[in-house]
Amino acid sequence: MSTRIWNLAYQWLEFVQFRLLPPTCVLCQRAGQPGRDLCLACELALPVLTQPCRGCALPLYAGAGSTLCGQCLQGHTHVHTTVAACRYAEPVSMLITRFKYQRQLAAGRTLTQLLLASIDARYRGHNLPELLLPVPLHPQRLRQRGYNQSLLICRDLGRALHIPVDPAMLQRQRMTPPQQGLSARERRHNLRQAFALASSWQCQRYQRVALIDDVVTTMSTVNEIAQLLQQGREQALEIHLWCLARAWLEPAGQA
Ligand SMILES: [Zn+2]
Ligand SMILES: [Zn+2]
């Protein structure tokens, strides 16, 4: 069976299982909460972001006088706001590995539900983005994996929040080596001209767009895409970033 058909069959089976079977915790296999494959005890033990920066979601030092970190205050990021469901640590990192590399879609769906709750809390009284864009995979990597995990997150969020998703607007035009293990400077270099936009982007008049990714570590990818989206536009465009987990390179934390 080709990878594509195998993936479709697998996703269909997963969907049927999700609809028909009672929720089961993806971590301890005990009964989950209604509509969620996670029990309350495991949910309460997940690594959270304490006092995250509103701009980039890095932890602020205790007693920081602002909701933005030093980097964001100085305008070093092109992102207006970041929402992350969790801190990237066990067992979240394990769930993301299962979701990304072992086709365990329930793990991704469960983290997406947590992300939805964080979005709900952050945007109370504020306008939501008008469009969701998944961070794309290179076509070759997409063929190998069979699915883009960011697009799956995007579709769940789009359905729940009634926001359109455009999986074709942004493309990865260059195969880049994995970012893992690279310094912040190497990551930026690695991503140069890695992305391209569909020509129809120039006719769009969106004011707020959200980029969706599974894990964010340095903002290099997102900043690269944000600059591309803002290029040549007369109108202001806010880039929002939503991700399942926020990781960072040491040293942790920002003033
Ligand atoms: Zn559990
Ligand atoms: Zn920040």
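Predicted model: local features only at pLDDT ≥ 70, side-chain atom pairs only at ≥ 80, totals over all residues.
## The zinc site

Four cysteines hold the zinc ion (ligand 2). They are Cys-53, Cys-56, Cys-69 and Cys-72, and each coordinates the zinc ion through its SG atom, at 2.3 to 2.4 Å. In sequence, these donor residues follow the spacing C-x2-C-x12-C-x2-C.

What makes the arrangement tetrahedral? The four donor atoms subtend angles of 105 to 115° around the zinc ion (ligand 2), which makes the arrangement tetrahedral. For four tetrahedral donors, the ideal angle at a metal is 109.5 degrees.

Cys-53 and Cys-69 both lie in the loop between α2 (40–44) and α3 (70–73), so the pair ties together parts that are 16 residues apart in sequence. Are Cys-53 and Cys-69 buried or exposed? Both are buried.

## Two aromatic pairs

A pair of aromatic rings is described by the distance of the centres and the angle of the planes. The count here comes to two aromatic pairs.

Tyr-123 and Trp-242 form an edge-to-face pair. Their centres are 5.7 Å apart, with 75° between the planes. This pair links distant parts of the chain. Tyr-123 sits in the loop between α5 (105–122) and β2 (131–134), while Trp-242 belongs to strand β6 (residues 238–246). The two are 119 residues apart. Tyr-123 has a relative accessible area of 8%, so it is buried. Trp-242 is at 0% relative accessibility and also counts as buried.

Trp-201 and Tyr-206 form a stacked pair. Why stacked? Their ring centres lie 6.2 Å apart and their planes meet at 20°, so the pair counts as stacked. Both Trp-201 and Tyr-206 are buried.

## Helix α9

How many of the eleven residues of helix α9 are buried? Eight are, so helix α9 (residues 220–230) is largely enclosed by the rest of the structure. Among the buried residues are Ser-220, Thr-221, Val-222 and Asn-223. Ile-225, Ala-226, Leu-228 and Leu-229 are buried too.

What do the buried residues of α9 pack against? Their partners include both strands and helices:

- the strands β2, β3 (170–172), β4 (195–197), β5 (208–216) and β6;
- the helix α8 (184–190).

After α9 comes Gly-232, whose phi is positive, near 70°.

Technical notes: Residues numbered from 1 in each chain as written. Chains lettered and ligands numbered in written order. Heavy atoms only, no water. Donors = N, O, S within 2.8 Å, 3.2 Å for Na, K, Ca; no water. Tetrahedral: all angles 85-135°; square planar, octahedral: opposite > 155°, others 65-115°. Helix = DSSP H or I, 4+ residues; strand = E, 2+ residues; numbered from the N terminus. Buried < 20%, exposed > 50% of the residue type's maximum accessible area, 1.4 Å probe, protein only. Phe/Tyr/Trp six-rings, centres within 6.5 Å; stacked < 30°, edge-to-face > 60°. Contact = heavy atoms within 4.5 Å.
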